[in-house]
Amino acid sequence: MKRAAVILFTVFCALLIVAADVGISANKVVISVTGADSMFGRLYTLSQLFEIENPSIDVQVTMGKTVDDGFSSLTKSNTDVAMASRRINDQESEAAKARGAELVEKLIGYGGIVIITHASNPLREITVEQVQKLLRGDCANWKEIGGRDEQVKIFGVGQKHPGTVVFIRDNLLAKAPFSSKAEIMPDFTSILTRVAYTPGAVGYVRIRDAFEYPGPTGCHVLLIKKTQDSEAVIPCRATVKDGTYPLRRPYFLYYNGKASDAVKKFVAFIEAKGWGQQAL
């Protein structure tokens, strides 16, 4: 009997705690954020800081979605803020207008695209034009751009990261097609692994993949020159931010102009903090 009474009392206390939590959450303004998964880490970290300064607001950032998901959810009013690793396209913009959404765009910072090769590759720097030749498949052998006599093997990322795919195609390659001979990997970790174990390989990853997360050794990060006569620049947060590193991509937040003051306050907070390390 005593044991049963203790169990009942414990359950009762647990229910009281849950009820209290529900009551607290019910009194908070909830802001939902979804979209490009590549932005999740930074947005989640900043949302925690925002909540400390604004305890009456609960920011819920969804993990594992894409920029396409973000725009779709925002257009359908299923989220308050969309994380976007590219600008909204015409089709998405028209869909939003058709539903009466007046989307507002805020540039919150830049991320860098890092070109990696197998560690045995003697090249240490290349130009943007040479990067384009490699990724388009116009350069079949490394000796064509000053390297040794070795076949080029290209690795790229797939539609799990549509923002990156669009940036590479529309911006870096100026709407030229990515090499048809490239091997498409499911994520950036896979690119790191394949390049590390494939002599002659070249691929691209984000700065965080190359420098901030533990990964396989055996990759070499190339310095990038805007032109043949330019200074070679190493990719890092500082050179991406000041624009001296040429392979950088924008990150945006989108929200409906009719959104609540809480949503606008949150976006302004993120815009002021900017982009950088995942941990603050």
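This is a predicted model: local features need pLDDT of at least 70, side-chain atom pairs count only at pLDDT 80 or more; totals for chains, interfaces and linings use all residues.
Colleague: Which residues of the largest nonpolar core touch the most other members?

Modeller: This core has 41 residues, and among the elements that give two or more residues to it are strand 4 (103-118), helix 6 (162-172) and helix 7 (188-196). Apart from it lies another core, of 32 residues, among them Ile 31 and Phe 252. Within the largest core, the residues that touch the most other members are Leu 172, Ile 191 and Ile 224.

Colleague: Which residues lie nearest the centre of the largest cavity?

Modeller: The count comes to one cavity of 30 Å³ or more, and about 70 Å³ of space lies in the largest cavity. By class, its lining has three nonpolar, six polar and four charged residues, and helix 6 gives the most to that lining, with three residues. Of the 13 lining residues, those nearest the centre are Ala 36, Asp 37, Ser 38, His 161 and Pro 162.

Colleague: Is Val 165 buried or exposed?

Modeller: Val 165 has its place in helix 6, and, not counting residues up to four places away in sequence, Val 165 touches Val 157, Gly 158 and Gln 159. Its C-alpha atom is separated by 9.1 Å from that of Phe 178, 13 residues apart along the chain. Because buried means under 20% relative accessible area, and the relative accessible area of Val 165 is 19%, this residue counts as buried.

Definitions and conventions. Residues are numbered from 1 along each chain as its sequence is written. Side-chain values use heavy atoms; hydrogens and water are left out. A nonpolar core is a set of buried Ala, Val, Leu, Ile, Met, Phe, Trp, Tyr and Cys residues joined through side-chain atoms within 4.5 Å. Buried means under 20% relative accessible area, exposed over 50%, partly exposed in between (1.4 Å probe, protein chains only). Helices (H or I, at least four residues) and strands (E, at least two) are DSSP runs, numbered from the N terminus. On a 1 Å grid over the protein atoms alone, a cavity is a set of points where a 1.4 Å probe fits but cannot get out, and a pocket is an open set with protein on both sides within 12 Å along at least five of seven lines; lining residues have an atom within 4 Å of a point. Grid points are joined across faces, edges and corners, and a volume is the space filled by probe spheres set on the points. Ala, Val, Leu, Ile, Met, Phe, Trp, Tyr, Cys and Pro count as nonpolar, Asp, Glu, Lys and Arg as charged, and the others, Gly among them, as polar. Contact means heavy atoms within 4.5 Å.
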